[in-house]
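Please keep the sequence and the structure in view while reading.

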Amino acid sequence: METIPVVSVCMITYGHEKFIKEAIEGVLIQECDFEVELIVANDCSPDNTNEVVQNILKTHSKASWIKYINHKQNLGMMANFIFALNQCKGNYIAICDGDDYWIDPFKLQKQVNFLENNNQYVICFTKANRLFPNGEIKTGSTLNKPFKTGFDDIVFGNYIPALTVVFKNSLREFNFSGWYNNSLIGDWPLYLWLTKDGGNICHLQDITSTYRFGIGISNELRK
């Protein structure tokens, strides 16, 4: 019988040959007492992203964690994100785009431990560094959010850095068609849906990740 992973990491990528190796390795450095799967969905990148991923699959000691899909035709950012989410079989889902990366090897363990022990919470996120194109790094996020928030807070705007989030996987009940498929934002509607029935959001103070400011996978929308 196939083992169901505890955490599925959803990683979409497009044109990230310079960044994808660091993104993947940030997941593979995770030290956990549970199963992890990394879904890498390459949206027909026009550069050498595929070659970089293939090399990792051939050489990395944890390559078995990776489930790699290289689309032969470009789907577009939202369609690829939906595709990748639908591949996630874990009890929890984490997000890290192919141009960001994790720096804390215990990121997933900390967040899963919290969610496992606090059933009233459905989302857990952390702080993140910001890496600017000139190489400057600003430590920690500028967000001044309390430990506990929920739907009444996030409905006014998305304050969760996607690369830091882990959430309970109840997406089998989520309708990906229609308005969501046409949305320009993938993560915020998910958080609204996850918290609509009263589930809480936890904000851990750990700095676990680095966001490449001013690069963003949303650049794919402009191609």
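## Terms and ground rules

A residue is called buried when its relative accessible area is under 20%, exposed when that area is over 50%, and partly exposed in between, as judged with a 1.4 Å probe on protein chains only. This is a predicted model, in which local features need pLDDT of at least 70 and side-chain atom pairs count only at pLDDT 80 or more, while totals for chains, interfaces and linings use all residues. Residues are numbered from 1 along each chain as its sequence is written, and side-chain values use heavy atoms, with hydrogens and water left out.

## A buried threonine in a strand

Thr-126 has its place in strand β6, which covers residues 121-131; strands here are DSSP runs of E with at least two residues, helices are runs of H or I with at least four, and both are numbered from the N terminus. With a relative accessible area of 1%, Thr-126 is buried. Its side chain is joined to that of Thr-208 by a polar contact of 2.7 Å, a term that stands for a pair of N or O atoms within 3.5 Å, where within protein one atom must be able to donate a hydrogen and the other to accept it, and where residues adjacent in sequence count only if both atoms are side-chain atoms.

Contact in general means heavy atoms within 4.5 Å. Leaving aside neighbours within four places in sequence, Thr-126 is in contact with Gln-111, Pro-161, Thr-164, His-203, Leu-204, Asp-206 and Thr-208.

Helix α1 (residues 20-28) and helix α2 (residues 49-59) pack at an angle of about 30°, with their axes 9 Å apart. The axes are lines fitted to C-alpha atoms, for helices over the stretch in contact, and the angles run from 0 to 180 degrees between N-to-C directions. On the α1 side the contact is made by Ile-20, Lys-21, Ile-24 and Leu-28, and on the α2 side by Thr-49, Val-52, Val-53 and Ile-56.

An α-helix has 3.6 residues a turn, so residues three or four places apart point the same way. In α1 the buried residues are Ile-20, Ala-23, Ile-24, Gly-26, Val-27 and Leu-28, and these pack against β1, β2, α2, β3 (66-70) and β5 (101-102).

In helix α3 (residues 77-87), the buried residues are Met-77, Met-78, Asn-80, Phe-81, Ile-82, Ala-84 and Leu-85. They pack against β1 (7-13), β2 (36-42), β4 (92-95) and α6 (187-195).

Which residues does Ser-183 touch, not counting those up to four places away in sequence? They are Met-78 and Pro-189. Ser-183 has its place in the loop between β9 and α6, and at 18% relative accessibility it counts as buried. Its side chain reaches the backbone oxygen of Ile-185 at 2.8 Å.

## Aromatic rings

The structure holds 10 aromatic pairs, where rings of Phe, Tyr and Trp (its six-membered ring) pair if their centres lie within 6.5 Å, and planes under 30 degrees apart count as stacked, over 60 as edge-to-face and the rest as tilted. One of them brings together Phe-174 and Trp-193, whose ring centres are 5.1 Å apart and whose planes stand at 75°, so the pair is edge-to-face. This pair links distant parts of the chain, since Phe-174 is in the loop between β9 (166-168) and α6 while Trp-193 is in helix α6, 19 residues apart. Phe-174 is buried, at 9% relative accessible area, and together with Phe-176, Tyr-180 and Trp-193 it forms one aromatic cluster.

The rings of Tyr-211 and Phe-213 have their centres 6.2 Å apart and their planes at 85°, so this pair too is edge-to-face. Tyr-211 is partly exposed at 30% relative accessible area, and Phe-213 is partly exposed at 36%.
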